[in-house]
Amino acid sequence: MGKLLEEFSLGLFFWQTLLFSLLLFLLWRFAWKPILKAVSDREDGIKDALAAAEDAKKEMQNVTADSEKLLKEARAEREAMLKEAREIKEKMVSDAQEQAKAEGDKMIKQAQAAIESEKKAAVADIKAQVANLSVDIAEKVIKEELSDKKKQLKLVDDMLGDIKLN
Amino acid sequence: MRKTFLKNFLLIAVLVLGQFSFAIEKDEKHEDEAHGKDLKTEIKEYIQHHLQDSHDFSLFSYTEEDGEHKYVGFPLPIMIWDDGLKVFSSSKFHHGETLAQIDGNHYKLHHSKIYKTDAEGTINYDEEHHPTNKKVLDFSITKNVVMIIITGLLMLWLFTSLARSYAKNGGIPTGVGRFFEPIILYVRDDIARPNIGEKRYKKYMPFLLSVFFFIWFLNIFGLTPLGVNVTGNIAITVSLAIMTFLITNLTGTKDYWKHQFDPLGDSLPWYGKILLYIILVPIELLGLIIKPFSLLIRLYANMQAGHIVLMSLIGLMFIFKSWIGSPLSFGLAFAISLIEVLVALLQAYIFTMLSALYFGFASEEHEHDHEHEAEVAH
């Protein structure tokens, strides 16, 4: 320690402090500041360029993705339209079929009803004719039967005999 | 142009080395005869002399046949404060051999220090062999100051031209800047950012960069044949460490100061803290001083030791003076100087790194747990 103190020279210390401070100031002002600024500017430039490239890449990806999405949407829309058309067609067909069936059924029913009423009318007509015919026949038969007295008396007797039997 | 420069350089190197060995051999003979000093003491004194600052910029010295010391170099201005500023050339001392007589006062250069003496140049010693003469306030432009100025100018030129090359060349460095830019980025990204933090590292960058390159360049200059031991001088490291200390404590946040005086925080009730704090707070406060002190001692000791080892190994060549010993010590000296190149960078890195770490502690906010971990790890 004593040797160190002996070696210590105040003059040299003074000059070193003064000159180094001066050097520090000058370098700060004229060297380190512009150098560090230039370096960091350059680094920022590189960083920006890289970021821009990255952005462009992302943009590209977005565009591709967008077009792909559009394509997909168009495809889906076409699919949907086709499906709808098919459904409409099927519905129309089935509707027509149903309608035709219903119409047919209705017509058949009407025909059946008509047939039935015709039949009924015919039957009634036949009945009336049969009745008329049978009345006519009966009239003719009676007229013939009652043409002599003997036969008239015999009839009365038969009738009376039936009544007794009853 | 380059070829002639190289030739001249080689010529000078050969001359320097030749003179060096010649000087020591001659000295040995001369000293042996005159003072009875042996070669070992001679080398030891030479190393001691080299490690210290000097008042003139001598490149090498030798001794003539008649015993006269010759120095090659140039004198530097001496500025002393002794009842007024006195400025004169260091050539008046003749490397400590004569007295300088200024305004009727006599000054003597003794072991790189200037003392006021009487007309005969007597130096009185106390029991511990310390001179008792009046030491004058010495603000001379010494060899180290010259090296600091040269390094400062070199740094200014290098880094302002790097800054200009950015402006001229659209943000891309040219020439030697291509070598220094990665180092600047390294200091920023691997020293400042992780230790100080993303938000606050910017304001410390100028100091960290300046200190890093300043220490590194001076360390490297110390390894050149000029061999000026600037960063191995205690005054230099004290000055640098004081700057780190001042910046650390002047930029310290509230949390940092709270941590100094209340290291345990809310983990203990106040009555539990009293006894602990009688010991803890002084330790924490001592830590404030110890941190920069370790910085200055580390740099000083490493550079000093490097120079001593290197010069001792070179000195061994002249002690062995055999075909085996001298090449061996030359090889060793070569290996050590390679390691010293690494140490030069390493010490600059460590000083910057630890400064950044201390700045990081001082500017940290609300992260006490981290602070403790970092301190333990460190």
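Which residues in α3(B) meet which residues in α4(B)? Select B:Leu158, B:Leu162 and B:Ser165 on the α3(B) side, then B:Gly177, B:Phe180 and B:Glu181 on the α4(B) side, and you have the contact. Two residues are in contact here if their C-beta atoms, placed from the backbone, lie within 7 Å.

Before you click on: this is a predicted model, where local features need pLDDT of at least 70, side-chain atom pairs count only at pLDDT 80 or more, and totals for chains, interfaces and linings use all residues. Residues are numbered from 1 along each chain as its sequence is written, while chains are lettered from A and ligands numbered from 1 in the order in which they are written.

**Stop 1: α3(B) and α4(B)**

Show residues 143–168 of chain B, which form α3. Helices (H or I, at least four residues) and strands (E, at least two) are DSSP runs, numbered from the N terminus. α3(B) packs on α4(B) at about 95°, with the axes 10 Å apart. Axes are lines fitted to C-alpha atoms, for helices over the stretch in contact, and angles run from 0 to 180 degrees between N-to-C directions. That makes the two helices, α3(B) and α4(B), roughly perpendicular (65 to 115 degrees; under 35 is roughly parallel, over 145 roughly antiparallel, and the rest oblique).

**Stop 2: α4(B) and α5(B)**

Now select 177–196 and 205–223 of chain B, helices α4 and α5. Their axes come within 10 Å and cross at roughly 120°, so α4(B) and α5(B) are oblique to each other. To see what touches, pick B:Ile184, B:Val187, B:Arg188, B:Ile191 and B:Ala192 in α4(B), plus B:Met205, B:Leu208, B:Leu209 and B:Phe212 in α5(B).

Stay on α5(B): 16 of its 19 residues are buried (20 or more other C-beta atoms within 10 Å of a residue's own; exposed is 12 or fewer, partly exposed in between, with C-beta atoms placed from the backbone).

**Stop 3: all of chain B**

Zoom out to chain B, with its ten helices and nine strands. Of its 378 residues, 30% are buried. Among contacts in chain B between residues at least 6 apart in sequence, 58% join residues at least 24 apart.

**Stop 4: where the chains meet**

Finally, bring in chain A: 29 of its residues are in contact with 34 residues of chain B. On the chain A side, the elements giving two or more residues are α1 (2–7) and α2 (10–145). Color α2(A), which has the largest share of that side, 25 residues.
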